[in-house]
Amino acid sequence: MTNLEPITMKDIAKEFGVSVATVSRALNNSSRISAERREAIQAYAREHNFYPNVIGEQLRHARVKSTRMLGVILPQLPHYYFSTILAGIEEEAYTRGYQVVIATSNEQYEREVKICDAFYRNKVCGVIVSQAKNTLVYDHFQRLIDNNIPLVFYDRICTGVNASRVVVDDYMGAFAAVSHLVETGCRRIAYYGSPLTLEISKNRYNGYKDALLKQKMELAPEIVTICDNRSDAEVITPKILLDKNRPDAFFCVNDDTAIGVLYTAKRMGFRVPEDISICGFTNGERAIACDPMLTTVEQRGKRVGEEAANILINKVERLSPLEQVEKRVVRTKLIIRGTTR
């Protein structure tokens, strides 16, 4: 290639053996790229008279290019996991020259629909969303896609819409946690989970079930309960623990629910973990603020947010095809603390 020929970010990426997204970050002075690599890429771009195709970009993205705003929908705001995901989204967006508009559905389908409509009217570049618990109709998501607005799901994905998504390996996280409970001597393990209408709930329940089946242990439906918050756990757990055939362990869909079980068991005079083992799923700040500290599955929310924003911005900038569906999985890790033997 001569210096008279036009050069693209793809050409630069090929020259350095990196992704187009890395070139984009380097040209935008992202701190995620080493200073040496940034300087080399920027120098190469200058030497080859590279300039973004502003006119072409404006023609392709006329309705969104002026805002450089990404819409983010959270199911809940005061929630450690969602706040770490948001931190990852904002970090990636900032390094690539975008701002974030945040809205909370408060687990309400109707509110979620209104937020999607507002994002469309206000011309956001794209939307990152974790659906509300009671969302069973997905027309509002499909309308965004039909209007060429990139959409990426995180955590709670929508299987009824063909869109990109970033999730943690919920199944393996649950499988590892329950396997640990079995290996440490637990023989009757209760499950507290979210409604099985959610894909993450299905995956965590299947991980729980398969871990028991692998160990040739009984799957007891009477100790599989829809319970995914602390207040409900404190109401439901006493009856379960007073049963003559009580569980000797609980696997809970999140840390708050697990802490509700922990508080209740201790209040009723049970020793943790000698009498009752407990495992959560999140590894939030509360997991190390309780006594004993909580064994839990770490979800790496910040990484989930970074991946979701990366997919979205690549689609906004047409670094990846708008119609291409990307599925990324962030690995979990079991963190063993004092609530298990």
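What share of the contacts in the chain with a separation of 6 or more comes from residues 24 or more positions apart? The answer is 73%, where a contact means heavy atoms within 4.5 Å. The structure here is a predicted model, so a few ground rules apply: local features need pLDDT of at least 70, side-chain atom pairs count only at pLDDT 80 or more, and totals for chains, interfaces and linings use all residues. Residues are numbered from 1 along each chain as its sequence is written, and side-chain values use heavy atoms, with hydrogens and water left out.

As for confidence, pLDDT is the predictor's own score for each residue, from 0 to 100. Its mean over the chain is 91, and 94% of the residues reach 70 or more. Residues 58-66 are another story, with pLDDT under 50 throughout. For that stretch, the model has 14 contacts beyond four places in sequence.

Taken along the principal axes, the C-alpha atoms fill a box of roughly 80 × 45 × 35 Å. The chain has 12 helices and 12 strands; these are DSSP runs numbered from the N terminus, helices being H or I with at least four residues and strands E with at least two. Of the 341 residues, 53% count as buried. Buried means under 20% relative accessible area, exposed means over 50%, and partly exposed is in between, using a 1.4 Å probe and protein chains only.

After helix 2 comes Asn29, with a positive phi near 60 degrees.

Further along, Pro238 sits in helix 10 (residues 230-242). Pro238 counts as buried because its relative accessibility is 19%. Leaving aside residues up to four places away in sequence, Pro238 touches Ala233, Thr264, Arg267 and Met268. Val178 is 60 residues from Pro238 along the chain, and their C-alpha atoms are separated by 22 Å.

Helix 5 (80-95) turns up again at the second largest pocket, together with helix 9 (199-214), helix 11 (255-267) and strand 9 (277-282): each supplies at least two residues of the lining. The largest share, 3 residues, comes from helix 5. A pocket is an open set of points on a 1 Å grid over the protein atoms alone, where a 1.4 Å probe fits, with protein on both sides within 12 Å along at least five of seven lines; lining residues have an atom within 4 Å of a point. This pocket holds about 480 Å³ of space, the volume being that filled by probe spheres set on points joined across faces, edges and corners. Among its 25 lining residues, Gln76, His79, Asn254, Asp256 and Thr282 lie nearest the centre. The lining has 8 nonpolar, 8 polar and 9 charged residues; Ala, Val, Leu, Ile, Met, Phe, Trp, Tyr, Cys and Pro count as nonpolar, Asp, Glu, Lys and Arg as charged, and the others, Gly among them, as polar.

The structure holds 0 disulfides, a disulfide being a pair of cysteine sulfur atoms within 2.5 Å. For Cys125, the closest cysteine sulfur is in Cys116, 16 Å away and too far for a bond. For Cys252, that partner is Cys227, whose sulfur at 7.2 Å is also too far for a bond. Cys125 is buried at 3% relative accessibility, and Cys252 is buried at 0%.
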